Amino acid sequence: MQTTHGNKNQARSPAPQGPWILISLALFLAGVLIGQAWREPLAPATTAAEGSTPIAIFSEAWTLLHEHYVDPAALDDKRLLAGALRGLADAVGDNGHTRYLTPEELAQHSEQLAGEYAGVGIEIEERDGLILVRDVFEESPAQRAGIEVGDVLVAVDGLPVQELGLDGVVQHVRGQEGTPVTLTLERPSESVTFEVTLVRAKIRAPLVRWALLPEQVGFVRISSFSSGATDEARAALERLGQIGVRALILDLRGNPGGLVDEAVNLSGLFLPPETVVFRSRDRTGNETTYRTKPDSQPTMLPLVVLVDRDSASAAEIVAGALQDYGRARIVGERTFGTGTVLIEFRLQDGSALLIGTQIWVTPNGRLIWRNGIEPDVPVTLGPNEMPLAPRNGQHVTLDDLRTDAQLTAAWQLLTGGDPAQTAVVHSECIGCR
C-alpha cells in the first residue's frame, strides 16, 4: 500500500474495507441511481422517528428533494451524489485532506502524484482573496504565451475565479491534452488586463529546481513530493556539491505534499541513517515509526528550510523532522497542518473517498495535524512579493534576493548578512536516532 500526503498523503491501493457507515451510504446511493423509482413511506418532515439512522434521514431528504423541488429537470443524480459525498467528507473537518473525489478528480489526483498532467504549465496560489501565478514552467504553453509570475488570474473560460475557488480553478485549467482554455489575467505591475487562449499540453511538472545564491549558498526548491522527487533532489545536491557550496536552503513553500516514502527518503539526504523521521498513530493508538534508510548518505552542510501556509503534509514531515533535531532552522510562515495519512477507498462508480486513517507525530512528539510547523524565524511576503522560482543552474544575484523577503532572511541566517539574526545553524544533527 502506497501512502501519500494530501493536497494540500494519499494512497493508492486495492479497495480495502472502510467504516461500515461509508460503505452503507455508498451502496444506498448507488441503489438510488440504479432504481430511482423506489420510494419508501416517510414520517412527516417536521418529526423524526425515534431511533432514526443517518442513512434513513438521508434517504428522507433525497426523496423529498425529488418529490418537491420546483425544477425537477435540474436534479442531476450524479451531481447530487457527488455533492452529498463531498459534504460528508468535508464535515469531518480534516480540511484539505480527508475528501471525496469524483472519477475525473481522482484521475487528476493520480496524475499529480505521478508528476505529469495535461494543462498549461502554471503553478498558482491563493493570497488575500486573489489567485496568483507563483510559477511558470519552462517551455510550457503559459510561458510561450507570455504569462509571468505575479500575474493575477481573473477568469477561466469566462468563469470568475471567485466562483470557482482555488480547487475549481485547477480543475478548469487542467483538461484533455490538445483542447483549448482561455485565461483572463491582470498584470498588477502594468495595471492591464489581458486574455490568452492556450492549448493544453502534457506537462511534466519540475519537482526540483536548484540555483546558486551569493556567498556560495545552494538553493533547492521542491515543488511536491511526487514520485521521483528524492532522486531529483539528490542530483541537484550533487551538482551544487561540485560547485563547492558551503550551505544550503531547502525551499518547501507551496509544496502540497505527496508520497510519504518520498518525504522519508528525502529526509535521508540531510539526516543520518536510521534516524526517526516521524511516527504515525492510528485511531487505536498504535504507532508506526518511519526512519531514514540504513545506507543513506546525507550532506551535513548548514541548512535552512523555507515554508509557508501552503506547505502541507509530506512537506511538514520533512520540516518538522529537520527542526526537531536542530538540523535546520525554519523560516517563513506556519504551515498548513494537514498531518494525516490518507488511504484511498474506491467507490462503485470509480470515485473515491480519501480518508485520514492515521495522524503524524514529529520525532519529538509534536502533532502536525491542525497545528502545522511553526517557523523559528517568522517572515511573511509583502503584497507584491512572490517566492523566487529559480531556473536550474541560475546564479541568483543580491537584487534577485531582495524580491523575496523569506529567501533573503534564510540567506542572512546562513551568511551572517544580518548581524541581528546571525544564525546558530549547526551542521551536526542533535539527538538524531
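Guide: In this predicted model, F278, Y290 and W360 form one aromatic cluster, and a search of the whole structure finds 3 aromatic pairs. The rings of F278 and Y290 have centres 4.4 Å apart and planes at 5°, and because planes under 30 degrees apart count as stacked, this pair is a stacked one. F278 belongs to strand β15 (residues 276-282), whereas Y290 belongs to strand β16 (residues 287-291), so their pairing ties together parts that are 12 residues apart in sequence. With a relative accessibility of 1%, F278 counts as buried, while Y290, at a relative accessible area of 22%, is partly exposed; the cut-off that applies here is 20%, under which a residue is called buried.

F278 also pairs with W360: the ring centres lie 5.7 Å apart and the planes meet at 65°, so this pair is edge-to-face. The link joins distant parts of the chain, since F278 sits in strand β15 and W360 in strand β20 (residues 352-361), 82 residues apart. W360 has 0% relative accessibility and therefore counts as buried.

Apart from the ring pairs, there are charged side chains placed over aromatic faces. R370 lies over the face of W369, at 4.0 Å from the ring centre, and R174 lies over the face of Y117, likewise at 4.0 Å from the ring centre. As a setting for these details, the protein chain has 11 helices and 22 strands, and buried residues make up 51% of its 433 residues.

Notes: Residues are numbered from 1 along each chain as its sequence is written. This is a predicted model: local features need pLDDT of at least 70, side-chain atom pairs count only at pLDDT 80 or more; totals for chains, interfaces and linings use all residues. Side-chain values use heavy atoms; hydrogens and water are left out. Helices (H or I, at least four residues) and strands (E, at least two) are DSSP runs, numbered from the N terminus. Buried means under 20% relative accessible area, exposed over 50%, partly exposed in between (1.4 Å probe, protein chains only). Rings of Phe, Tyr and Trp (its six-membered ring) pair if their centres lie within 6.5 Å; planes under 30 degrees apart count as stacked, over 60 as edge-to-face and the rest as tilted. A charge sits over a ring if NZ of Lys or CZ of Arg is within 6 Å of the ring centre and within 35 degrees of the ring normal.
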